[in-house]
Structures are given as C-alpha cells and as structure tokens.
Amino acid sequence: MDELAAGIASLGPGLALVPTMGALHAGHLSLLEAAQHGGAPVAASIFVNPTQFNQSDDLARYPRDESADLELLRQAGCDLAWLPSVQTMYPAGDEIRIVPQGAALGWEGDVRPGHFSGVATVVTKLLNQVSPQRAYFGEKDWQQLQVIRSVVDALFMPVAIIGVPTLREPDGLAMSSRNRFLGEQERERAPALYRCLSRLAQAILDGDEVDVCLATAREDLTLRGFSVEYLALVDGGSLHPAAELMPGARLLAAARLGSVRLLDNLEVVLPGGPRRTGL
C-alpha cells in the first residue's frame, strides 16, 4: 500500500481509475482511452475478485495473463498499474461486506446470488485505495454499472462513475475476456445474440407488443442453440421490468452458449430521444 500511495502522489491531481479483472482486450483499452481524454493521469487495477464468483471452478477458470496485461497497459500509456493480492484486499478477519439493494435485485442478482455484494465491496475498496476523481466502467455490464453508481451515491464517495459504450467485434459480438473460451462453432453463432437484440429493439420501436416480442426473441435464441437465462426490457436506471417503451429503456440479456455465459444489452432509443449513458 505504501508503494501505491507513493505512485498516486507522483501523478498529481485529477487521477482516473479503470478497475479490471485482467485478461485485457480492446474493450478494456477503450476504457483507458476514455479515461485519458483531457490528459488526466490514469491508473488501472487488475484484481480477480474471489467474492464475486458463485462457483469455485468459475474463479479457477477465469483467464489470467499478468505479463501480457502489463505490456498492454504500458503500450496504452497507463500511468500506474495496481495489482493487489487477495490478502491485501481481504486480510485475515475481514468480514465487512456491502450488500446493495435496488438495482442489484433481479437479473444477475437472481442468477448469481451474492455477486453484486462482491462487486460492490471490492469496487469500494479499490476506490478508497486509489482515491480517483473519476472511475470508468464498460456499459456491457449495465446492471453492474448501475449498482456501482448507486453504492457510490449512497456512501457519498467523491468520485464520478463514467460508463463507456460497449466495444464490439466487427460481427457485433460484445468484447469479453470469456469469449476466448468459445469453440469455433460457438464463436460463429455468438453474434446472433446482438443481432437478436437489434431486431427486438426495432420491433418494439415499431409498436409491437413488448411481451410478444420478448417471447419470440427467446424462442429464436433457443432455436439457435442458446440457453437463455433472461431477456427483458427494463428501465435503464432502476432495472425494473418495463411493460412498454419508455425513455431510457434497455434490453438486458444473459444466455449460455456451450460453457460460456454471454452478457449483452442494448438501449432502445425513442426517435429524437437522447441516449442514456453511465454518466
């Protein structure tokens, strides 16, 4: 921690933080690029947080490549890398956990009990350690972004939480560290999730009944080999289910393809309406 404090002090004011779990890809680098806008110094953390995993085999399987990650950060012009140990983040006797409500309920909160408690706890620790003015998170994990914002607001933490649009492969697949586990045939099918969301958004905008559109989309994904965990239209801020189109409405989806769990979301923008971001 002394080394971290010295590194932060050397960078001066206006620090931005990009928290990650490593296995970095172009999506993470887009967060760094956004954080660097305006010339602010940028720190990135790499920590595979054990308290947000529901299954020990999932934690063990999570990809790790510390040397490659550090090289990517160096090439991207990151000013400081923070790689704490599990013992640093969760010292012996540490029993304090944050249990968020509100946006943490439902969807990922139902499928992965305790997940958002782990996320909220570790992000709070990282923000307190680094003390950034701004922290950047990808919009691909939309519910997570809203949970983090709610925790920061509730605890009066002096940091702005900035959402960065999802970076996608040329075929539309949302970039994720877990995509590397897709087999060849699964990788060919995976972009169907985003295409389905796009068609679904257009059907809703065209005035088709939301429940019917969702049921049709779930059936289509199932026929394409996906195991759909949830697919819903929600209010983008509260994450409450939406029975009809509203400003800021967003489609949320989680589906398994083979052994890989894919998350994606898409805002359903009313004609002439502003896009809602993580700001």
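Helices (H or I, at least four residues) and strands (E, at least two) are DSSP runs, numbered from the N terminus. With that convention, Lys 140 lies in the loop between strand S4 (134–138) and H8. This is a predicted model, in which local features need pLDDT of at least 70 and side-chain atom pairs count only at pLDDT 80 or more, while totals for chains, interfaces and linings use all residues. Residues are numbered from 1 along each chain as its sequence is written, and side-chain values use heavy atoms, with hydrogens and water left out.

Let me stay with Lys 140. Its relative accessibility is 16%, so Lys 140 counts as buried; buried means under 20% relative accessible area, exposed over 50%, and partly exposed in between, with a 1.4 Å probe and protein chains only. What does Lys 140 contact, leaving aside its neighbours within four places in sequence? The list is Thr 166, Ala 174, Met 175, Ser 176, Leu 263 and Asn 265, where contact means heavy atoms within 4.5 Å. Asn 265 is 125 residues from Lys 140 along the chain, and their C-alpha atoms are separated by 6.5 Å.

Next, the helix pairs. The axes of H7 (residues 115–130) and H8 (residues 142–154) come within 10 Å and cross at roughly 55 degrees. Axes here are lines fitted to C-alpha atoms, for helices over the stretch in contact, and angles run from 0 to 180 degrees between N-to-C directions. H7 and H8 are therefore oblique to each other; under 35 degrees counts as roughly parallel, over 145 as roughly antiparallel, 65 to 115 as roughly perpendicular, and the rest as oblique. The crossing of H7 and H8 is right-handed, meaning that the near helix is turned clockwise from the far one by less than a right angle, with anticlockwise being left-handed.

Now the rings. How many aromatic pairs does the structure hold? There are three. Rings of Phe, Tyr and Trp (its six-membered ring) pair if their centres lie within 6.5 Å; planes under 30 degrees apart are stacked, over 60 edge-to-face, and the rest tilted. Phe 53 and Tyr 62 are edge-to-face, at 5.8 Å centre to centre and 75 degrees between the planes. Phe 53 is buried at 11% relative accessibility, and Tyr 62 at 8%. Trp 107 and Tyr 230 have ring centres 5.7 Å apart and planes at 55 degrees, so that pair is tilted. Trp 107 is in the loop between H5 (86–89) and H6 (108–111) and Tyr 230 is in S6 (residues 227–235), so the pair ties together parts 123 residues apart in sequence. Both Trp 107 and Tyr 230 are buried.

Two rings have a charge over them, which requires NZ of Lys or CZ of Arg within 6 Å of the ring centre and within 35 degrees of the ring normal. Arg 61 lies over the face of Phe 181, 4.1 Å from the ring centre. Arg 250 has its charged end over the ring of Trp 142, 3.5 Å from the centre.
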